[in-house]
4 protein chains.
Amino acid sequence: MGSFKGHALPGCFFLLAGIWWTGKYSVWHATRRNKSIGSTRLASRASQRRLEIFESSVMLFCAFVGMLAEQFAADGPKLQLYDFAEKHWDQLTNWQHATMYLFFGLAGTASLIIHITEAAPLALDRLMLAIAFFNEGFLFLYHLHGRSMLDVHVHQLLLYAIFGEALVAFLEVFHRGNIILELLRCTLTTLQGSWFWQIGYVLYPPRGPEWDLKDHNNMMFVTMCYSWHLAIAMLVVSVLYCTISCVVRSRLKRTPPMEMGLLKPREGDPESEDEVL
Amino acid sequence: MGSFKGHALPGCFFLLAGIWWTGKYSVWHATRRNKSIGSTRLASRASQRRLEIFESSVMLFCAFVGMLAEQFAADGPKLQLYDFAEKHWDQLTNWQHATMYLFFGLAGTASLIIHITEAAPLALDRLMLAIAFFNEGFLFLYHLHGRSMLDVHVHQLLLYAIFGEALVAFLEVFHRGNIILELLRCTLTTLQGSWFWQIGYVLYPPRGPEWDLKDHNNMMFVTMCYSWHLAIAMLVVSVLYCTISCVVRSRLKRTPPMEMGLLKPREGDPESEDEVL
Amino acid sequence: MGSFKGHALPGCFFLLAGIWWTGKYSVWHATRRNKSIGSTRLASRASQRRLEIFESSVMLFCAFVGMLAEQFAADGPKLQLYDFAEKHWDQLTNWQHATMYLFFGLAGTASLIIHITEAAPLALDRLMLAIAFFNEGFLFLYHLHGRSMLDVHVHQLLLYAIFGEALVAFLEVFHRGNIILELLRCTLTTLQGSWFWQIGYVLYPPRGPEWDLKDHNNMMFVTMCYSWHLAIAMLVVSVLYCTISCVVRSRLKRTPPMEMGLLKPREGDPESEDEVL
Amino acid sequence: MGSFKGHALPGCFFLLAGIWWTGKYSVWHATRRNKSIGSTRLASRASQRRLEIFESSVMLFCAFVGMLAEQFAADGPKLQLYDFAEKHWDQLTNWQHATMYLFFGLAGTASLIIHITEAAPLALDRLMLAIAFFNEGFLFLYHLHGRSMLDVHVHQLLLYAIFGEALVAFLEVFHRGNIILELLRCTLTTLQGSWFWQIGYVLYPPRGPEWDLKDHNNMMFVTMCYSWHLAIAMLVVSVLYCTISCVVRSRLKRTPPMEMGLLKPREGDPESEDEVL
């Protein structure tokens with residue numbers, strides 16, 4: 001993956017995932033909040049389940065394609081792990097990336113099984129997601145040995161987003177449907193996506209001069225840059241959330257209002273969904 | 001910001017914020033606890049909302065002024081990020097401080113939108129505050145490279161307060177209105193404010209001799225000094241809290257008491273507010 | 001324990017424990033979920049208690065045998081702690097392993113007392129388990145001084161599983177009967193077991209050439225290998241869980257169904273057991 | 001405090017505190033559990049409150065005496081902080097110990113005010129305790145510069161108990177009256193007490209030869225020794241708990257039993273107290 005494209009590709013994936021999740025959770029939350037005003041057509045349990053199954057399938061498919069690409073691309077290891085001729089491990093980096101995809105594939109499979117068969121407890125999909133992100137961070141953590149200072153630094157910054165997501169997904173096991181945690185996860189996914197692009201631009205600038213990977217000022221700039229990416233990710237997620245909320249509300253308001261006077265905040269945790277599926 | 005004033009200014013801000021918050025939460029908590037005795041005039045939902053909007057506006061305004069000051073002050077970068085002539089980043093420190101202000105501005109904006117429009121879930125303001133503090137700590141963390149021992153140490157001690165506040169604000173997402181957490185946040189804000197003053201005195205003593213920045217005894221003294229600041233912050237917050245509690249109670253007692261016999265601790269989490277807004 | 005067998009033995013224990021726990025929790029969870037369909041014969045409170053007492057006894061017995069073996073095996077310290085003749089500590093490694101067994105023995109004893117006498121609160125067995133795992137990790141942590149790079153690394157990876165289990169068991173004190181946490185603990189136990197085998201193969205290969213303990217590529221491969229062990233542990237646990245769920249459901253369905261129409265998800269935490277014992 | 005007595009004294013305090021707390025919480029828990037069998041004479045709210053006030057007063061008194069002793073003992077600083085003649089800080093170690101006592105004094109004062117006046121929320125006493133322990137650990141953490149390896153190690157091990165207690169006390173803010181957390185805190189307090197004695201024996205052996213502070217084997221032995229102290233602390237706390245439970249139960253059984261048939265586990269968190277005070 002030592003190339004600009006190798007970082008832009010996962011960047012695109014995570015950006016798309018972040019935006020997709022923001023849309024999904026915004027629609028669901030807006031529909032839940034306006035339940036008493038209009039119909040729940042937009043987010044009936046059956047349609048939610050269909051969406052989850054679709055999402056899991058896409059995730060599984062992408063992970064599978066990713067694994068194949070890492071193995072059988074031009075310079076891939078082609079499933080050979082150990083080069084017995086020269087007595088060294090073969091293409092460990094590709095194998096590591098394939099392992100990362102493998103865990104996202106497992107998370108997709110688990111989610112698929114959960115939403116199709118109801119055999120397993122619902123919260124398992126978040127746990128699998130948490131494990132997938134944790135595994136990604138875990139492999140990155142031991143991936144950085146012997147690289148130059150700035151290279152290590154930009155990847156370490158990435159770990160904040162990755163381990164942050166793992167933690168948030170783990171918290172969601174206990175607070176499922178909490179919109180705050182869901183939006184935080186969306187933000188961190190978007191941040192991870194845009195930061196992959198940034199890593200590509202810093203380490204393999206497609207045009208313009210190379211960056212000095214040992215300059216401390218570059219390191220300080222990159223740190224600040226990470227904050228800006230976070231701010232932009234927050235902005236994107238909130239604009240999307242607000243737009244969708246407004247659209248859903250205005251569409252639902254056109255249906256005749258009923259029992260407006262009975263509007264009452266639900267007891268208990270007011271941000272939690274009521275058993276979505 | 002390498003000056004006494006540069007540390008005294010944020011110190012004042014955080015001191016004021018800590019005292020303001022202590023006052024606000026004490027009044028609200030005291031009013032809630034004495035609900036059955038007197039009226040809820042002091043903390044009706046409408047007045048609470050107005051207060052929140054006022055607070056958010058002030059926060060947004062200060063953050064905006066702060067950003068402008070960092071950019072357009074005498075030696076500011078004037079929105080120029082890269083000095084193409086000399087090929088280095090321009091005034092990175094000012095840019096970092098502006099970034100910190102930016103996040104507090106975003107937190108203020110989010111809080112404003114939440115309390116004006118009800119478009120977003122209530123707990124979001126605490127999450128944004130947590131992210132703003134986390135970002136402040138994050139930038140400070142990578143701010144310290146190559147400074148002398150005592151300089152690094154006093155800033156590291158600051159991080160305890162900053163990351164502590166981020167954690168407490170994040171916990172408030174789940175335990176909103178828990179007076180213990182609110183007072184803890186007030187204490188840490190006051191501590192942060194007074195510690196900024198202390199940093200100013202240590203690194204840029206306005207009068208008297210310079211401190212030896214490499215003496216280990218100074219470091220040990222400064223560590224202990226931090227404990228004292230914490231103790232004083234705890235004292236200030238508790239005295240304020242007790243005074244306000246007493247005043248509110250005595251004012252409410254003058255109104256005719258009603259249903260005293262029905263006083264009963266609420267079920268569930270007895271420290272939580274009942275949906276303030 | 002510096003031998004292949006010395007690592008294979010605990011590996012077997014943890015593998016068996018992981019599989020046993022998976023079976024136990026799967027049966028209980030499946031029976032609870034299908035309560036309204038069939039009888040609760042399979043997991044009545046009395047039989048659950050008998051199972052817990054049996055499990056605790058086995059745990060206590062194994063820990064006791066383990067301690068004796070460490071002390072009185074061929075090159076054991078035979079309860080002598082200090083060699084006064086040569087003025088050095090005697091066989092500290094054996095003593096440390098005996099200490100690890102001691103804590104699992106204590107956990108077993110506590111569990112035994114809790115389930116026989118009801119003298120102590122139920123959640124104590126999870127706390128004792130958490131402490132036993134924490135102690136195991138704690139002793140391993142200070143066990144690694146002065147070893148070669150790969151040796152340290154494979155043991156550090158083990159710590160992820162051990163401290164992870166300690167954390168999960170501690171969380172179970174508050175979320176007892178949460179199937180997600182229980183399966184996570186099973187997975188980590190299985191992972192720990194299979195990783196002990198892997199450590200044995202890496203450090204004391206029973207056949208084939210020695211591993212180069214200083215090669216960085218070996219370290220990267222071993223890290224990835226840990227991910228694979230995790231994936232396999234997850235697979236084993238989920239296959240077991242699904243099989244048992246299906247078997248239990250099909251056996252329970254043969255009994256005449258009753259009150260199917262009244263099936264309703266329980267309120268509150270939907271994954272928690274309802275007071276198993 | 002560089003002496004055997006200087007470590008034995010706090011050791012005694014913490015040992016006594018650990019045993020006292022174990023007794024207190026065991027009696028309360030046993031009385032609560034047997035509420036329906038006999039009277040609640042042993043743990044009526046009034047007597048519990050009196051006990052808490054007594055405990056807080058003793059804590060405040062000890063902290064005050066401790067501070068005075070550190071200041072005005074033979075070689076104390078006598079309230080002089082800076083030696084202007086020789087231009088260095090005076091007796092920083094004594095000042096640090098006085099600061100530790102100060103925070104326990106503040107915790108005692110807060111607890112006293114809470115239980116006398118009801119002005120402040122109940123959970124504040126646990127928060128103050130958490131802060132007092134955190135402050136103790138915080139000062140120890142920066143206390144260790146430039147000492148020999150074993151000296152640093154034995155104090156680092158102490159930090160596990162101290163920060164562990166701070167964490168448990170903080171958790172009690174949210175789970176007040178959870179007997180598991182209370183007993184864990186008792187265990188850690190006892191551990192801290194006995195480990196202070198061990199530190200005294202290792203660093204300032206009252207008789208016998210000096211320890212080699214640079215020997216790695218000593219370090220490994222000391223680590224294992226810490227586990228044993230933990231095991232002994234767990235044993236002491238559980239024996240005390242069981243004895244007291246049995247005594248309370250047998251004393252309560254002699255009063256005529258009532259509504260035995262109605263014995264039912266309470267809903268919700270079965271380990272939590274029902275608003276003790």
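In which helix of chain D is T223(D) found? T223(D) is found in helix α7, residues 216-253 of chain D, in what is a predicted model.

**T223(D) and its surroundings**

- T223(D) is buried, with a relative accessible area of 1%, and its side chain is joined to that of H153(D) by a polar contact of 2.9 Å.
- When neighbours within four places in sequence are left aside, T223(D) is in contact with F138(C), L139(C) and Y142(C) from chain C, as well as with H153(D) and L157(D) from chain D.

**How chains C and D are related**

- Chain C is superposed on chain D by a rotation of 90° with 0.0 Å of shift along the axis, and the RMSD is 0.0 Å.
- The two copies are thus related as by a four-fold rotation axis.

**The interface of chain C and chain D**

- This contact takes 30 residues from chain C and 31 residues from chain D, and the two chains bury about 2900 Å² between them, with 77% of that area on carbon and sulfur atoms.
- On the side of chain C, the residues that lose the most area to chain D are W89(C), Y142(C) and F174(C), which together account for 22% of what that side buries.
- Between chain C and chain D the count of salt bridges is zero, whereas four residue pairs are found in polar contact, with both residues at pLDDT 80 or more.
- Helices α3 (92-117), α4 (124-141) and α5 (149-174) of chain C each supply at least two residues of the side that touches chain D, and the largest share of that side, nine residues, comes from α4(C).

**The interface of chain B and chain A**

- Here the contact takes 31 residues from chain B and 31 residues from chain A, and the area buried between these chains is about 2900 Å², of which carbon and sulfur atoms give 77%.
- In chain B, the residues that lose the most area to chain A are W89(B), Y142(B) and F174(B), and together they make up 22% of what that side buries.
- The count of salt bridges between chain B and chain A is zero, while the count of residue pairs in polar contact, both at pLDDT 80 or more, is four.
- The elements of chain B that give two or more residues to the side touching chain A are α3 (92-117), α4 (124-141) and α5 (149-174), and α4(B) gives the most, with nine residues.

**The largest nonpolar core**

- The largest nonpolar core has 265 residues, and of these W195(A), W195(B), W195(C) and W195(D) touch the most other members.
- Helix α7 of chain B, residues 216-253, provides the largest share of this core, which is 14 residues.
- Not counting residues up to four places away in sequence, W195(D) touches V154(D), L157(D), L158(D), V222(D), C225(D), Y226(D) and H229(D).

**L191(B) in helix α6**

- L191(B) lies in helix α6, residues 179-203 of chain B, and is buried, with a relative accessible area of 2%.
- Although L191(B) and G18(B) are 173 residues apart in sequence, their C-alpha atoms are 8.4 Å apart in space.
- Leaving aside neighbours within four places in sequence, L191(B) is in contact with A161(B), Y226(B), H229(B), L230(B) and A233(B).

**Salt bridges within chains**

- Over all chains, the structure holds 24 salt bridges.
- One of them joins the side chains of K24(A) and E52(A), at 3.4 Å from N to O; K24(A) lies in helix α1 (residues 4-33) and E52(A) in helix α2 (residues 45-72) of chain A, so the pair ties together parts that are 28 residues apart in sequence.
- Both K24(A) and E52(A) are buried, and together with E55(A) they are linked in a network of salt bridges.
- E172(A) and R126(A) meet through their side chains in a salt bridge of 2.6 Å, N to O; E172(A) lies in helix α5 (residues 149-174) and R126(A) in helix α4 (residues 124-141) of chain A, so this pair ties together parts that are 46 residues apart in sequence.
- Both E172(A) and R126(A) are buried.
- In chain C, E55(C) forms a salt bridge with K24(C), the closest N and O atoms being 2.6 Å apart, and this pair links helix α2 (residues 45-72) with helix α1 (residues 4-33) across 31 residues of sequence.
- E55(C) counts as buried at 14% relative accessibility, and K24(C) counts as buried at 4%.

Notes
Residues are numbered from 1 along each chain as its sequence is written. Chains are lettered from A and ligands numbered from 1 in the order in which they are written. This is a predicted model: local features need pLDDT of at least 70, side-chain atom pairs count only at pLDDT 80 or more; totals for chains, interfaces and linings use all residues. Side-chain values use heavy atoms; hydrogens and water are left out. Copies are superposed by least squares on the C-alpha atoms of residues with pLDDT of at least 70 in both. A nonpolar core is a set of buried Ala, Val, Leu, Ile, Met, Phe, Trp, Tyr and Cys residues joined through side-chain atoms within 4.5 Å. Buried means under 20% relative accessible area, exposed over 50%, partly exposed in between (1.4 Å probe, protein chains only). Helices (H or I, at least four residues) and strands (E, at least two) are DSSP runs, numbered from the N terminus. Contact means heavy atoms within 4.5 Å. Buried area is the accessible area (1.4 Å probe) that two parts lose on being put together, summed over both. A salt bridge is a side-chain nitrogen of Lys or Arg within 4 Å of a carboxyl oxygen of Asp or Glu. A polar contact is a pair of N or O atoms within 3.5 Å; within protein, one must be able to donate a hydrogen and the other to accept it, and residues adjacent in sequence count only if both atoms are side-chain atoms.
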